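Keep the sequence and the 3D view side by side as you read.

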Amino acid sequence: MAHLWRGVIREYMDRLDIKSDNPIITLGEGGTPLVQAPALAKLVGAEAAWLKFEGMNPTGSFKDRGMTMAVSKAVGHGAQAVICASTGNTSASAAAYAAAAGIQSVVLVPKGKISLGKLSQAVAHKAQILQVKGNFDDCLRLARELSENYAVHLVNSVNPDRIEGQKTGAFEVVDALGYAPDLHVLPVGNAGNYSAYFKGYQEDLEAGRIYKIPQMWGYQAEGSAPFTVGHPVAKPETIATAIRIGNPASWDLAQNAREVSGGRFGAVTDAEILWMHRFLSQEVGVFVEPSSATGAAGLFKASKAGEVAAGSKIVVTVTGHGLKDPMWALKDERGKEIKPTSVSAKAAEVAERLGLSKSS
Ligand SMILES: *Cc1c(COP(=O)(O)O)cnc(C)c1O
């Protein structure tokens with residue numbers, strides 16, 4: 001029977017905080033693949049592992065789940081413009097949904113710290129883009145101040161509509177598996193997504209769809225790990241730009257989620273992130289941006305310390321698409337550029353280059 005996925009608001013209307021007569025601005029987000037990852041399960045000694053492949057959303061990251069809610073509600077309130085601070089993916093998403101809604105978007109990005117792919121998306125969707133001399137945390141403070149004093153609606157994850165929309169990721173995992181995994185692992189920046197998945201699982205538990213909440217495991221980059229050091233970090237540094245956040249907006253929500261789920265926060269080095277980035281594309285077949293490999297990198301680190309129970313069923317959210325920031329795939333382990341070999345258009349020469357033997 002024909003069925004078109006209708007986006008997360010229509011698919012989960014009865015479980016979301018939105019009125020039935022609110023306008024719905026959607027690009028068909030959600031319904032992303034839960035990809036079986038036997039190579040990852042084997043690597044970490046688990047019974048089964050899946051990747052929730054959020055790069056398959058309309059703008060290439062999970063941000064679309066929250067943005068459909070935030071922009072729909074903004075339009076419902078009569079907003080003519082939305083504003084956000086962004087390390088890249090939030091601005092790409094805000095710009096696309098504002099375009100779909102026919103309203104203006106304003107994005108504040110830290111100067112020089114946003115990937116070309118993400119910047120091009122914001123430009124393509126005709127956002128007003130301002131590069132701020134400062135880091136993400138400065139951009140967010142500025143966006144909050146502007147939205148409090150001027151006619152522009154804030155769509156960062158400090159807006160609870162974002163977390164509300166993003167909790168549908170957990171609903172989809174439960175719908176796909178029929179149960180909750182033992183562990184749910186993901187990268188953490190502002191911790192909005194970490195908190196959102198917990199909220200989704202908690203609601204599924206209350207509704208009797210599952211009988212336990214997975215342990216929520218959140219991983220940050222070592223140079224940008226406020227949750228493991230226990231306080232905000234003034235100058236966060238990591239190549240994983242989407243999680244280069246020193247002062248997480250959802251601090252309290254995330255601490256509660258960790259505590260109630262019996263989960264953990266941890267940190268991995270940039271080298272461990274890039275190793276896992278390569279493993280996921282080469283051994284699993286899923287291409288993600290470096291930040292998105294942080295959760296799986298943390299899981300691998302924990303497994304090496306003997307902290308992953310043998311029978312575990314694990315879901316790892318990979319947050320954004322590899323094409324967002326493709327330059328990382330074009331470097332080898334030592335950071336050397338990878339270039340394709342040039343050959344003439346002659347079968348014999350190509351076969352020789354490839355080391356092919358003659359078929360019999
Ligand atoms: C936004 C983002 C994150 C971090 O999510 P938070 O909700 O800020 O913790 C991780 N990875 C990617 C690709 C992102 O775009």
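Q: In which hand does H8 pass H9: left or right?
A: This is a predicted model, and the answer is computed from its atoms. A crossing is right-handed if the near helix is turned clockwise from the far one by less than a right angle. For H8 and H9 the crossing is right-handed.

Q: How is H8 set against H9: roughly parallel, roughly perpendicular or oblique?
A: Two packed helices are described by the angle between their axes and the distance between the axes. The axes of H8 (residues 168-177) and H9 (residues 192-206) come within 7 Å and cross at roughly 50°. That angle makes H8, relative to H9, oblique.

Q: Which residues of H9 meet H8?
A: From H8, the residues at this contact are Gly-169, Ala-170, Phe-171, Val-173 and Val-174. By class, the contact has six nonpolar, two polar and two charged residues. On the H9 side, the residues are Tyr-197, Gly-200, Tyr-201, Glu-203 and Asp-204.

Q: Is H8 largely enclosed or largely open, and how many of its residues are buried?
A: Buried means under 20% relative accessible area. In H8, the buried residues are Thr-168, Gly-169, Ala-170, Phe-171, Glu-172, Val-173, Val-174 and Leu-177. The helix is largely enclosed by the rest of the structure, because its buried residues number eight of the ten.

Q: Which residue follows H8, and what is its phi?
A: H8 is followed by Gly-178. The phi of Gly-178 is positive, near 85°.

Q: What is the phi of Ala-191, and where is Ala-191 found?
A: Most residues other than glycine have a negative phi, and most peptide bonds are trans. Ala-191 is not a glycine, yet its phi is positive, near 70°. Ala-191 is buried, with a relative accessible area of 3%. Its place is the loop between E7 and H9.

Q: Is Lys-126 buried or exposed?
A: Lys-126 is found in the loop between H5 (116-124) and E5 (128-132). Its phi is positive, about 50°, although Lys-126 is not a glycine. Exposed means over 50% relative accessible area. Lys-126 has 58%, so it counts as exposed.

Q: At what angle do H3 and H4 pack?
A: H3 covers residues 63-76 and H4 covers residues 89-101. Their axes are 9 Å apart, and their crossing is right-handed. The angle between them is about 45°, which means that H3 is oblique to H4.

Q: How many nonpolar residues are in the contact of H3 with H4?
A: H3 brings Lys-63, Asp-64, Met-67, Thr-68, Val-71 and Val-75. H4 brings Asn-89, Thr-90, Ser-93, Ala-94, Tyr-97, Ala-98 and Ala-101. By class, four residues are polar, two are charged, and the nonpolar ones number seven.

Q: Which residues does Ala-70 touch, leaving out those up to four places away in sequence?
A: Ala-70 is found in helix H3. It is buried, with a relative accessible area of 0%. Beyond its sequence neighbours, it touches His-153, Val-155, Asn-159, Asp-161 and Arg-162.

Q: How many residues does the largest nonpolar core have?
A: In soluble globular proteins, nonpolar side chains tend to be buried together. Here, those with the most contacts inside the core are Leu-40, Leu-51, Met-276, Leu-280, Leu-299 and Ile-314. Elements that each supply at least two residues include H2 (38-44), E2 (48-53), H12 (270-284) and E10 (313-318).

Q: How many residues does the second, separate core have?
A: Among its members are Ala-48, Tyr-194, Met-216 and Ala-257. The size of this second core is 22 residues.

Q: How many of the residues of H13 are buried?
A: Among the buried ones are Gly-295, Ala-297, Leu-299 and Phe-300. The buried residues pack against H2, E7, E8, E9 (264-268), H12 and E10. H13 is therefore largely enclosed by the rest of the structure, and its buried residues number nine of the eleven.

Q: Which residue just after H13 takes a positive phi?
A: The phi there is about 75°. The residue is Gly-306.

Conventions: Residues are numbered from 1 along each chain as its sequence is written. This is a predicted model: local features need pLDDT of at least 70, side-chain atom pairs count only at pLDDT 80 or more; totals for chains, interfaces and linings use all residues. Side-chain values use heavy atoms; hydrogens and water are left out. A nonpolar core is a set of buried Ala, Val, Leu, Ile, Met, Phe, Trp, Tyr and Cys residues joined through side-chain atoms within 4.5 Å. Buried means under 20% relative accessible area, exposed over 50%, partly exposed in between (1.4 Å probe, protein chains only). Helices (H or I, at least four residues) and strands (E, at least two) are DSSP runs, numbered from the N terminus. Axes are lines fitted to C-alpha atoms, for helices over the stretch in contact, and angles run from 0 to 180 degrees between N-to-C directions. Angles under 35 degrees count as roughly parallel, over 145 as roughly antiparallel, 65 to 115 as roughly perpendicular and the rest as oblique. Contact means heavy atoms within 4.5 Å. Ala, Val, Leu, Ile, Met, Phe, Trp, Tyr, Cys and Pro count as nonpolar, Asp, Glu, Lys and Arg as charged, and the others, Gly among them, as polar.
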